[in-house]
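Subject: Structure handover

Hello,

Here is the structure you were waiting for. Please open it alongside this email.

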Amino acid sequence: MNIIIFGPPGAGKGTQSNFIVNKFKLFQLSTGDLLREEIKKKSDLGNKISSIVNSGALVSDDIINTLIENIVSNEKYKNRIIFDGYPRNLTQAENLTNLLKKYNQKIDIVIRLQVSLDVIKKRITGRMVCSVCGSIYNEFFNPPKNDKPCCIKENLKKRTDDNVDVAVKRYETYEESTEPVLDYYAKLNLVKNVNGETEIESIYNKISEYLSVIEGWLWIITPYKYAFKLIPKKLWPE
Ligand SMILES: [Zn+2]
């Protein structure tokens with residue numbers, strides 16, 4: 001199974017990706033990481049990338065494609081990739097389809113984490129840190145529970161709202177650039193929308209459910225009353 005996960009900045013995409021990677025034993029492909037690793041290797045390509053990045057220019061789609069092909073063509077990662085933050089535009093999406101096809105693979109599912117701009121703003125503006133113990137709260141989603149005497153109004157500090165503008169801008173850029181990409185995958189019937197405004201665990205369970213179906217996992221009733229467990233196909237009971 002190859003997956004793409006989309007979500008606006010601040011939607012918790014990183015957290016969810018990490019869960020999925022661990023549970024389903026996937027390789028998390030981030031183009032930023034691939035670029036950094038290639039530079040570190042000091043290969044010819046790495047040195048080329050390094051000089052492009054240092055000049056402030058953008059790395060071309062060709063180079064990104066080469067790096068992605070190195071992973072896609074590797075037997076070790078066959079049908080075990082989660083694409084994180086890629087593709088960012090229609091050309092890249094089409095490139096990816098062709099590249100996967102070349103190695104007899106495809107994208108099986110596109111997870112789209114949905115969080116409204118309003119909630120993202122509240123996650124930022126509602127953030128409070130206790131200046132005494134360092135506990136982090138959110139005025140809207142996670143207010144202090146009165147269990148620590150120091151976490152009172154006088155000690156709870158908010159950051160200024162400057163970063164809200166930045167977040168709004170990033171959100172809008174995300175929406176604009178991913179819309180055509182999501183349309184592309186929607187036409188292929190691959191997009192599953194997941195509400196990213198609920199608890200981290202229920203988001204994870206929802207995503208897990210979708211992926212388990214693709215992996216052919218099965219819910220079984222465990223010996224414990226009312227308890228269900230997901231197991232991989234190879235462990236299915238006869
Ligand atoms: Zn405190």
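Below are the findings, site by site.

This is a predicted model, in which local features need pLDDT of at least 70 and side-chain atom pairs count only at pLDDT 80 or more, while totals for chains, interfaces and linings use all residues. Residues are numbered from 1 along each chain as its sequence is written, and side-chain values use heavy atoms, with hydrogens and water left out.

Cys 133 and Cys 151 link distant parts of the chain, 18 residues apart. Cys 133 sits in the loop between strands S5 (127-130) and S6, and Cys 151 in the loop between S6 and S7 (156-158). Helices (H or I, at least four residues) and strands (E, at least two) are DSSP runs, numbered from the N terminus.

Cys 133 counts as partly exposed because its relative accessibility is 36%. Cys 151 counts as buried, at 5%. The cut-offs are under 20% relative accessible area for buried, over 50% for exposed, and partly exposed in between (1.4 Å probe, protein chains only).

Strands

Next, strand S3 (residues 81-84). S3 pairs in the parallel sense with S1 (residues 3-6), over 3 bridges. S3 also pairs in the parallel sense with S2 (residues 27-29), over 3 bridges. Pairing requires at least two DSSP bridges between two strands. Ile 3 has Ile 82 as its bridge partner in S3, and Phe 27 has Ile 81. Ile 81 and Phe 83 point one way from S3, Ile 82 and Asp 84 the other, and all are buried.

Largest pocket

The largest pocket has a volume of about 830 Å³. Of its 27 lining residues, Gly 10, Gly 12, Arg 123, Asn 138 and Phe 141 are closest to the centre. Elements giving two or more residues to the lining are helices H1 (13-24), H6 (117-125), H7 (162-187) and H8 (200-215), and strand S6 (136-138). A pocket is an open set of points on a 1 Å grid over the protein atoms alone, where a 1.4 Å probe fits, with protein on both sides within 12 Å along at least five of seven lines; lining residues have an atom within 4 Å of a point. Grid points are joined across faces, edges and corners, and the volume is the space filled by probe spheres set on them.

Backbone points

The peptide bond from Tyr 86 to Pro 87 is cis, with omega near -5°. Pro 87 lies in the loop between S3 and helix H5 (90-102).

Lys 25 is not a glycine, yet its phi is positive, near 55°. Lys 25 falls in the loop between H1 and S2, and is exposed at 60% relative accessibility. Asn 79 also has a positive phi, about 55°, without being a glycine. Asn 79 is in the loop between helix H4 (61-72) and S3.

Best wishes
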